[in-house]
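The exercises below are meant to be worked with the sequence and the coordinates side by side. Each one sets a task and then goes through a solution in steps.

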Amino acid sequence: MARAIRRIKIGIHGSIGPERLSRDLSNFEEVILFGSRAAKVGRRGSDWDLLCVGKLPPRRVYAEKPIGSVSVLDVIWLPPEVLHTSEWLGSELANHVKHFGVVLRGAGEWREKAVTSEVAVVRKVRVISVRCRVILQYGSYLAPKYLEQHKRLLRRDLQRLDLLRKNVPVPPSVVLDDAWSSDANTRIAACETARMDLLTSRAPELLNLDYPAPITSAV
Amino acid sequence: MAKSSDNIKKVIDDLGIDISASDDAMFVVGRLDALASTIAARYLKRVTGQKAADAVLRDAAQKQPNEKYTKLLKRAASKVAALERIAETASYGELRPDQIRRANAVRSDLYDLMLKWLGQFDE
């Protein structure tokens, strides 16, 4: 899928909202807001995650300004021909957009065909494996801020893997974060899913997770 | 100071490893953060906020003993930013061969720049 996908961060000034995004990004056939803003759980300073479908990537149709300005658009660009491929329709992102996306422009009909696929699960296992290797190899070199960030990304991906395996749509990161801090069962499930594959089995240890006892309602 | 130099050298040494697959491209993000961390430890004392690795290198460039090393570190920062952009794409799916080749070419350029920059430790 990366054959065509491109991620571009664009900093823009002024207030942002669905109307402005739809207007400013009118060169795209389809624009879908996803992530925390779409799920209405965005916080002040949250990025505006956008899926833009069009023949040209945003760089050519939307002026890029330095990051650090008022708002950041985190744009995933796809050419139209990719939308109906099994690779895209079975991806974690497509499934997320299907369930949480808000169409600002275009029809977004492809979303009906998006499903959680085994390919997405395998892909996530590999991503987690890479994240584990990074912490194992460079944990002692990383500045605390970076180490914290790498652990956060690992933890979120573990949560996503658990949801993908359960065929549950993966919610925005902020929802994952809230679940992690408030729900012990989320942490237990992450430990369990990590231990289902050798490639991910060291993740709980790297996150300093003791394998907690399941929460039961009755003693 | 000697320990910080050793850490920088170790991470730069690792930058010599080829990127030949999507997973390598994702992994290199950690290596770049380690590079930024070790350089920050020597020149900036600590990484503040959520600065990206290239921004850390740009900050450290201002603390170099002369213009030659400042320029090398600024050029390296651009390579780091380019490599991170490719690596981000890899987190969404497999990179195609030309993207992997591009990532490896940028990595190679960065490695060469950092080796030249390391020369100051021998002066």
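**Exercise 1: a helix and the loop after it**

Task: compare the end-to-end reach of α7(A) with its expected span, and describe the residue that takes a positive phi just after α7(A).

Solution. The 22 residues of α7(A) reach 31 Å from the first C-alpha to the last, close to the 32 Å expected at 1.5 Å a residue, where the expected span is 1.5 Å times one less than the number of residues. Helices here are DSSP runs of H or I with at least four residues, strands are runs of E with at least two, and both are numbered from the N terminus. The model is a predicted one, in which local features need pLDDT of at least 70 and side-chain atom pairs count only at pLDDT 80 or more, while totals for chains, interfaces and linings use all residues. Residues are numbered from 1 along each chain as its sequence is written, and chains are lettered from A and ligands numbered from 1 in the order in which they are written.

Just after α7(A), Asn167(A) takes a positive phi of about 60°, although Asn167(A) is not a glycine. Most residues other than glycine have a negative phi. Asn167(A) sits in the loop between α7 and α8 of chain A, and it counts as exposed because 10 other C-beta atoms lie within 10 Å; a residue is exposed with 12 or fewer such atoms, buried with 20 or more, and partly exposed in between, the C-beta atoms being placed from the backbone.

Lys40(A) also has a positive phi, near 60°, in a residue other than glycine. Lys40(A) belongs to the loop between α2 and β3 (48-53) of chain A, and with 9 C-beta neighbours inside 10 Å it counts as exposed.

**Exercise 2: a residue of α8(A)**

Task: decide whether Leu176(A) is buried or exposed, and list its contacts beyond four places in sequence.

Solution. Leu176(A) lies in helix α8 (residues 173-182) of chain A, and it is buried because 21 other C-beta atoms lie within 10 Å. Apart from neighbours within four places in sequence, Leu176(A) is in contact with Arg156(A), Gln159(A) and Pro171(A), a contact being two C-beta atoms, placed from the backbone, within 7 Å. Arg156(A) and Leu176(A) are 20 residues apart in sequence, yet 6.6 Å apart in space, C-alpha to C-alpha.

**Exercise 3: the two domains of chain A**

Task: describe how domain 1 of chain A meets domain 2 of chain A.

Solution. Chain A is divided into domain 1 (6-113) and domain 2 (118-206), with bounds that come from an automatic or database domain assignment. The C-alpha centres of these domains lie 25 Å apart, and the contact takes twelve residues from each of domain 1 and domain 2. On the side of domain 1 that touches domain 2, α2 (35-38) and α5 (92-100) of chain A each supply at least two residues, and α5(A) gives the most, with five.

**Exercise 4: chain A against chain B**

Task: identify which elements of chain A supply at least two residues each to the side that touches chain B.

Solution. The contact joins 20 residues of chain A with 25 residues of chain B. On the chain A side, β1 (6-12), α6 (118-138) and α7 (144-165) each supply at least two residues, and the largest share, six residues, comes from α6(A).

**Exercise 5: chain B and the cores**

Solution. Chain B has five helices and zero strands.

A nonpolar core is a set of buried Ala, Val, Leu, Ile, Met, Phe, Trp, Tyr and Cys residues joined through C-beta atoms within 7 Å. The largest has 62 residues, and Ala25(B), Leu57(B), Ala76(B) and Leu83(B) have the most contacts inside it. A second, separate core of 31 residues includes Leu33(A), Leu73(A), Trp77(A) and Trp88(A).
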